[in-house]
Amino acid sequence: MNQTPTVAVLGGAMAGLAAAEGLHSDGFDVELYERQTYNEKRVNCGEAMTAASAIPLEKTAENGFINPLPEMEVEVYDGVQSDRQCTGRGRFTASDAYITDRNVVEQSWADRLAQRGVDVNENRSITPTELFEFADGYDVVVDATGQPSLTSKALQSTGEYSGYLVALNADVVGDFSDVYPNSRIILENYTGYTWAFSKTPNRANVGIGWAVSDRPDDYMAAFKRACERNGWPEPTRERTNVAIIPEGPSLDPQRTYHPDYSIVRVGDAAGIANRLTGKGISQAIQSSYLAAELAAENRLEAYPEQLYREMKPEYLLATVIRYFTETRQPQILGKAIQAGSGMDIEAVDRSPRDVLIQLARHPRLFVQIFGKRKVLQRVYQAATDQWEYTSIPDGESPIVDSSF
Ligand SMILES: Cc1cc2nc3c(=O)[nH]c(=O)nc-3n(C[C@H](O)[C@H](O)[C@H](O)COP(=O)(O)OP(=O)(O)OC[C@H]3O[C@@H](n4cnc5c(N)ncnc54)[C@H](O)[C@@H]3O)c2cc1C
């Protein structure tokens, strides 16, 4: 009798590929199902990959790793008008980060997995009905289908996401010599930001994202205006992707593993992209490796709690920084960015400890930030696990439609 445990990985982007990698290394018989084909797949993300050493590929241009990013530049402005004033800027090292052609990275990773014996099925969309059949047929099912996840569609609970960011992006050709080899993020006094992630001096992924509360009436017009005021080429509508990033921790940790069906959710399907920046690739890979490790130890029931514990510091940091964008305080935000300058970009996103140590070197600013009752309230709520998902009813999502 074949004793090799079997797993179906649904979705073959960063989270699915990492899950297949981890599970295959741990001795599982892995079948991966991806809705699209790798060579046709459209890019729908900024393509900046941090913590890239977790991806088991040589970091070459042939594998899609175009620009080993030296630094991320961050600028804060007090508005979106032409007379906007800069309130602070910082440069953040990016020791393990690349600006990529993500399609190529995914294709290379899928090729590597296929060569090692993973059964990679492209152009194969799994339906909600099939999800339950798979749950019967495999020892484990990994839902890496992004958001809203296939599991939430099958359980008719796509409304479980408590908020979202809307983001537009395009790969454009033009003069980026003032940015390259660095990349740039610009905060302009709304909850969200614009970016230019340069691949070469003449090519970059540019984009813009807004929290749902701050989104404009006409996304495309706002995107074009942002490119214009930042001196970047105007993207065409045809080449522009629009997508939605759910706000984590919008999923109840208890929903990231469904023991009745042995379905585990990873990456965006688990709602774990950063709730301030929307960055989610390193988080997706981390969640997948964690799920693989626990599946190999036959301890998947520990996954929700462990994933939540690993992500919580990042959620806490995001909720505090978001306070200053939501309440329109670009002066404090600008000073904070300036004070953080020199840190690694992954730590800025994900390590409150490192951020606190850095801010503590600026006592006046520290007091300006943490002397606010509302900020302390947010810290307390995060520390005591009081998140908005506790009041989210089940049901269909109002945010599934991402057309524009
Ligand atoms: C505009 C934008 C810019 C971003 N920029 C960055 C960035 O620069 N850096 C960063 O780290 N993060 C970024 N993010 C976030 C990042 O894109 C996501 O967090 C990340 O893609 C999550 O990976 P995933 O594999 O979980 O999900 P996804 O990338 O959404 O992949 C899900 C996969 O599942 C497949 N699939 C879906 N349904 C089915 C089905 N029924 N059957 C089979 N397959 C299915 C899809 O085709 C897809 O390939 C950005 C997001 C947006 C929207």
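Four elements each supply at least two residues of the shell around the ligand: α1 (14–25), β10 (164–173), β14 (241–246) and α6 (281–296). Helices (H or I, at least four residues) and strands (E, at least two) are DSSP runs, numbered from the N terminus. Of the 37 residues around the ligand, G11, G46, G146, G267 and G280 come nearest; a residue is near if its C-beta atom, placed from the backbone, lies within 6 Å.

The model is predicted; local features need pLDDT of at least 70, side-chain atom pairs count only at pLDDT 80 or more, and totals for chains, interfaces and linings use all residues. Residue numbers start from 1 along each chain as its sequence is written. The protein chain has a mean pLDDT (the predictor's confidence in each residue, from 0 to 100) of 92, and 95% of its residues reach 70 or more. Over residues 400–404 the pLDDT is below 50.

Seven strands form an open sheet with mixed pairing. The order is β6-β5-β11-β12-β13-β10-β14. Two strands pair if DSSP finds at least two bridges between them. β6 (86–93) and β14 stand at the edges with a single partner strand each, so one side of each lacks a neighbour in the sheet. Within this sheet, β11 (residues 183–187) and β12 (residues 192–200) run antiparallel, joined by three bridges. I185 has W195 of β12 as its bridge partner.

A second open sheet has three strands in the order β3-β7-β4, paired antiparallel. Three bridges link β4 to β7 (residues 98–100). The bridge partner of F65 in β7 is T100.

Methods: Two residues are in contact if their C-beta atoms, placed from the backbone, lie within 7 Å.
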